[in-house]
Amino acid sequence: MMMRSLVAMFAVLLAFPIVIHAEMYKWIDDTGAVTFKDTPPPASKKKKKVKTYTDADFDPAPTQQPAAKPPPRKTASVASEKQTPPKQQFSGTVELYVTSWCGYCKKARAYLDSKGVPYVAYDIEKDAAADRRHKELGGRGVPLIVIGSNKISGFSAQAIDHYLENAK
């Protein structure tokens, strides 16, 4: 009798699969730090632009890329036309505070590698001094990215680009 009830419960569980759904929220706080969390921002930050990510945003299925536009044709430049010099990129070393299991840490490393930016990565689980410095910097999660005097909590390509161009 007990065996039949166990089999019946197991059959019910198989008939109704459980779907797990998650959302991620991204916002920039008052200090300019980009924050990613699985809970909405505090009420005081709701006035700011908040992006919500769902499971579909992280779908590993390849998406079709739009056809690349051909480069614009070059025309003869006018001598009086002023050309703006390219922005100077940060010339110091970027610090990354990471863990070995963190997917966003791996994305941050890959992004910096793709841009040719030199960085030093500190694993806060394997290096006690790095863990102490991570806490001194106000780190509560990983990755913590330090560019000059600027700190980025979490991975944001836009924030990294911004601070690489405007680092102090």
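Q: What should I know about the model before I start?
A: Welcome! The model is predicted, with local features needing pLDDT of at least 70 and side-chain atom pairs counting only at pLDDT 80 or more, while totals for chains, interfaces and linings use all residues. Residues are numbered from 1 along each chain as its sequence is written, and side-chain values use heavy atoms, leaving out hydrogens and water.

Q: How many helices and strands does the protein chain have?
A: Helices (H or I, at least four residues) and strands (E, at least two) are DSSP runs, numbered from the N terminus. Here the protein chain has 4 helices and 7 strands. Starting at the N terminus, their order is α-β-β-β-β-α-β-α-β-β-α.

Q: In what order do the strands of the open sheet lie?
A: Two strands pair if DSSP finds at least two bridges between them. In this model, 4 strands make an open sheet with mixed pairing, in the order S5-S4-S6-S7. Strand S5 (119-123) and strand S7 (150-153) are the edges, each pairing on one side only. On average, neighbouring strands of this sheet are turned by 15° against each other, direction ignored; axes here are lines fitted to C-alpha atoms, for helices over the stretch in contact, with angles from 0 to 180 degrees between N-to-C directions.

Q: Which pairs in the sheet are parallel or antiparallel?
A: Strand S4 (residues 94-98) and S5 run parallel, joined by 5 bridges. S6 and S7 pair in the antiparallel sense over 4 bridges, and Ile-147 stands opposite Asn-150 in S7. S6 and S7 also form a hairpin with 2 residues between them, where Gly-148 in the turn has a positive phi of about 65°.

Q: Which residues are buried in helix H4?
A: The general idea first: an α-helix has 3.6 residues a turn, so residues three or four places apart point the same way. In helix H4 (residues 157-166), the buried residues include Ala-159, Ile-160, Tyr-163 and Leu-164. These residues cover an arc of only 130° around the axis, which puts them on the same side of H4; the arc is that of the directions from the helix axis to the C-beta atoms.

Q: Where does helix H3 lie?
A: Contact means heavy atoms within 4.5 Å. Helix H3 (residues 128-136) lies across S4, S5 and strand S6 (144-147), running at about 105° to S4. Asp-127 caps the N-terminal end of H3, with a side-chain oxygen 3.1 Å from the backbone nitrogen of Ala-129. After H3 comes Gly-138, whose phi is positive, near 90°.

Q: What surrounds Glu-95?
A: Glu-95 lies in strand S4 and stands opposite Val-120 in S5. Glu-95 is buried, with a relative accessible area of 19%. Leaving aside neighbours within four places in sequence, Glu-95 is in contact with Val-120, Tyr-122, Arg-133, Leu-144, Ile-145 and Val-146. A polar contact is a pair of N or O atoms within 3.5 Å; within protein, one must be able to donate a hydrogen and the other to accept it, and residues adjacent in sequence count only if both atoms are side-chain atoms. The side chain of Glu-95 makes such a contact with that of Tyr-97 (2.9 Å).

Q: How many aromatic pairs are there, and why is the pair of Tyr-97 and Tyr-122 called stacked?
A: Rings of Phe, Tyr and Trp (its six-membered ring) pair if their centres lie within 6.5 Å; planes under 30 degrees apart count as stacked, over 60 as edge-to-face and the rest as tilted. By this rule the count comes to 2 aromatic pairs. The rings of Tyr-97 and Tyr-122 have centres 5.2 Å apart and planes at 25°, so the pair is stacked. Tyr-97 lies in strand S4 and Tyr-122 in strand S5, so the pair ties together parts 25 residues apart in sequence. Tyr-97 is buried at 2% relative accessibility, whereas Tyr-122 is partly exposed at 27%. Tyr-111 and Phe-155 form an edge-to-face pair, 6.0 Å centre to centre with 70° between the planes.

Note on methods. Buried means under 20% relative accessible area, exposed over 50%, partly exposed in between (1.4 Å probe, protein chains only).
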